[in-house]
Amino acid sequence: MTDAKQPTYPVATIAKLLLLSERRVYQLVNDGIIPRHERGRFEIASAVQGYIRFLQERQIGGNASPTDYQAEKARLTKLQADYKEIELAELKGSLMPMELVLEAWQGHIANARAKLLGLPPKAAAQAEGAEGYAEIEQLFKDLINEALDELANDGLPKQYSRSIESIAANLESAADADG
């Protein structure tokens, strides 16, 4: 049969036959998957064959598949929900921006380095007049505790420091329970 003798059907019929919405049929027409015969009318055989070819290519990983709207919509919804969870965690103070953590720890490590490098000259100067091993040992303990006390401030904003303090307290109580 020639093209002129093939009956044509409206988009509603083609959509019903392919189990698609009329809008989806038009998307497939615009993507060149289903051929259009005349305005709003289609040949059943060419429409079905075009759609079957599309599904076959999609099944074997061909490039002919347009973006699946429902899958993309679900993906977007999940990303939006994940983003809101992150925002909420930040507001609660249980999640910190990575830049803030890096900046705080870099400062903390630089401060620790300076404190540790400052211990030997400070200890040597004070140990010179000490009498006996016990006094020198106490001097070192005092200097180390002084440096550790200064390093105890983590340099983070208070909203995050409170979270860290509660985590540290929970870790200490868990360690006490174990030991």
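In helix α1, Val11, Ala12, Ile14 and Ala15 meet Glu22, Val25 and Tyr26 of helix α2, where contact means heavy atoms within 4.5 Å. This is a predicted model, in which local features need pLDDT of at least 70 and side-chain atom pairs count only at pLDDT 80 or more, while totals for chains, interfaces and linings use all residues. Residues are numbered from 1 along each chain as its sequence is written, and side-chain values use heavy atoms, with hydrogens and water left out.

- Leu19 lies in the loop between α1 (11-18) and α2 (22-30), and Leu19 is exposed, with a relative accessible area of 77%; exposed means over 50%, buried under 20% and partly exposed in between, with a 1.4 Å probe and protein chains only.
- The phi of Leu19 is near 60°, a positive value in a residue other than glycine.
- Most residues other than glycine have a negative phi.

**Overall architecture**

- The protein chain holds seven helices and two strands, and from the N terminus on its elements run β-α-α-β-α-α-α-α-α; helices (H or I, at least four residues) and strands (E, at least two) are DSSP runs, numbered from the N terminus.
- Of the 179 residues of the protein chain, 20% count as buried.
- Among contacts between residues at least 6 apart in sequence, 56% join residues at least 24 apart.
- The protein chain exposes about 13,600 Å², of which carbon and sulfur atoms supply 56%; accessible areas come from the Shrake-Rupley method with a 1.4 Å probe, and for residues only the protein chains shown count as cover.

**Salt bridges**

- The structure holds five salt bridges, each defined as a side-chain nitrogen of Lys or Arg within 4 Å of a carboxyl oxygen of Asp or Glu.
- One of them joins the side chains of Lys78 and Asp82 at 2.9 Å, N to O, and both residues lie in helix α4 (residues 69-92), four residues apart, about one turn of the helix; Lys78 is exposed at 53% relative accessibility, whereas Asp82 is partly exposed at 28%.
- Also in helix α4, Lys84 and Glu87 are three residues apart, about one turn of the helix, and their side chains meet in a salt bridge of 3.4 Å, N to O; Lys84 is exposed, with a relative accessible area of 54%, and Glu87 is partly exposed, with 27%.
- Glu146 forms a salt bridge with Lys122, the closest N and O atoms being 2.7 Å apart.
- Glu146 lies in helix α6 and Lys122 in helix α5 (residues 98-127), so the pair ties together parts that are 24 residues apart in sequence.
- Both partners count as partly exposed, Glu146 at 34% relative accessibility and Lys122 at 36%.

**Nonpolar surface patch**

- Phe140, Ile144 and Leu148 make a nonpolar surface patch of about 270 Å²; patches consist of residues with over 30% relative accessible area and no salt bridge, with like charges joined within 9 Å and nonpolar side chains (Val, Leu, Ile, Met, Phe, Trp, Tyr) within 5 Å.
- Ile144 is found in helix α6 (residues 133-151) and is partly exposed, with a relative accessible area of 40%.
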